[in-house]
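Here is a short report on one protein chain.

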Amino acid sequence: MKKIAVIITLLTLSIHIGFTQTKPVQYCGTVFTQEQIDNIHKTSKHGQQNQYRKNRSISRIPIQIHIIRKSNGTDGLDASSVPGIINRLNNNFANANMSFYQCNDINYIDSDAYYDLNGLEQIQVDRRNNVSNVINIYFANSVHNGVSRVCGFTTYNNASDYIFIKNGCTGTRKNTVSHEIGHYFSLIHTHGISNTNVTDELVNGSNCSTAGDQICDTPADPNLSGGLLNRQCQYIGTAIDINGDAYRPNPNNIMSYGRSRCFTTFTPQQNARMVNDLVNVKYYLSCTSSSKTLNEDENIDFGIEIYPNPSKNIFNIQWENASEVSYDVYDITGKIIYSKKNMDISENTSSVDLSNYTKGMYFLKINLDGIEKSTKLIKN
Ligand SMILES: [Zn+2]
């Protein structure tokens, strides 16, 4: 179920961005679904301020660094920059009493295919490499969310512990990793849920708990992308809200779209919300013996073959050495359009007929003896 959730979330994420994105390049690819927002509200109702006060001891949070290099093992993020990245993270999260540390050594993924991560390839990388119960941080040469290039993204989902970051967004004064970990712990952009619509939060603060980032000690933010800051990181825009009040956003807030080098702070209520999320949702984060090994059983080869692919209608699926097999086919929206369960043990082939579906990309998720594999089906 966990992996299905990951796939569906990623697909939903891509689709959602596809409909709302108008700018060709965007800082961050993280988008919250309404369901996720509702969950954040439910969790916040557990008295976040109280939790925050109770949680004064430092929470040590395990992370796994994954560096994607070319197939020949060259390039990729310079490992010597990792301690600096973790130091900046720990400085930014010090007031939340959160401290991050590496559970295992760096995992190198040598793959020309993933070096420039494009759209849904992230599912495959995550599936093969994620370490359980830690925050997996993947560094790639470029990150593309299916619509545009971004500095990074994550997804707010309690079964998805990964963050993707573009190497170029990790320089000594850049704080993209902190921004994405803010999202991971349930923070919304200070300009609100939409990256394109004007914020619904009023400057006078009267709707601050339900509009914008739904946090009241962050001022209403009209979205700081597009040259609205001077070199000193000060806001120079002139936008007004529907009451005629001029916005006074904080470009130093890590969850804004100000420049990454201008990011210095989370507010107390942002810290409280993150701690609350850690305590009530991401409480499972821990570096245990099971987190010490990568998902190596994912590498068991069942001799899966799919042919033809691309195909006009019929996709034949073949495998070997598996006694329990089931599979689902998803469309691009994450909806299951075909399922086959509890297949006879003697079977080692099956076929999917997509003749009633439109041309495009579909996804096959096949479970063989409890091990899940997924791949694209291209109908042309
Ligand atoms: Zn973001």
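## Overall picture

A residue is buried if 20 or more other C-beta atoms lie within 10 Å of its own, exposed if 12 or fewer, and partly exposed in between. The model is predicted. Of the 380 residues of the protein chain, 40% count as buried.

The protein chain holds eight helices and 16 strands. Contacts between residues at least 6 apart in sequence were also sorted by separation: 71% of them join residues at least 24 apart.

Strand β6 covers residues 142–144. Two bridges join β6 to β7, and the two run antiparallel. Val 143 stands opposite Val 150 in β7. Strands of a sheet pair through backbone hydrogen bonds, either parallel or antiparallel.

Gly 168 sits in the loop between β9 (162–166) and α7 (176–184). Is Gly 168 buried or partly exposed? Gly 168 is partly exposed, because 14 other C-beta atoms lie within 10 Å, and that count falls between the limits of 12 and 20.

Gly 168 and Ser 142 are 26 residues apart along the chain. Their C-alpha atoms are separated by 7.9 Å.

## Backbone exceptions: positive phi

Most residues other than glycine have a negative phi, and most peptide bonds are trans. Asn 97 has a positive phi, near 55°. Asn 97 lies in the loop between α4 (82–92) and β2 (98–102). Asn 97 counts as partly exposed because 17 C-beta neighbours lie inside 10 Å.

Cys 233 also has a positive phi, near 70°. Its place is in the loop between α7 and α8 (268–280). Cys 233 has 16 C-beta neighbours inside 10 Å, so Cys 233 counts as partly exposed.

## Backbone exceptions: cis peptide bonds

Which loop holds Pro 308? Pro 308 lies in the loop between β10 (305–307) and β11 (314–318). The peptide bond from Tyr 307 to Pro 308 is cis, with omega near -15°.

Pro 310 lies in the loop between β10 and β11. A cis peptide bond joins Asn 309 to Pro 310, with omega about 5°.

Technical notes
Residues numbered from 1 in each chain as written. Predicted model: local features only at pLDDT ≥ 70, side-chain atom pairs only at ≥ 80, totals over all residues. Helix = DSSP H or I, 4+ residues; strand = E, 2+ residues; numbered from the N terminus. Pairing = 2+ DSSP bridges. Contact = placed C-beta atoms within 7 Å.
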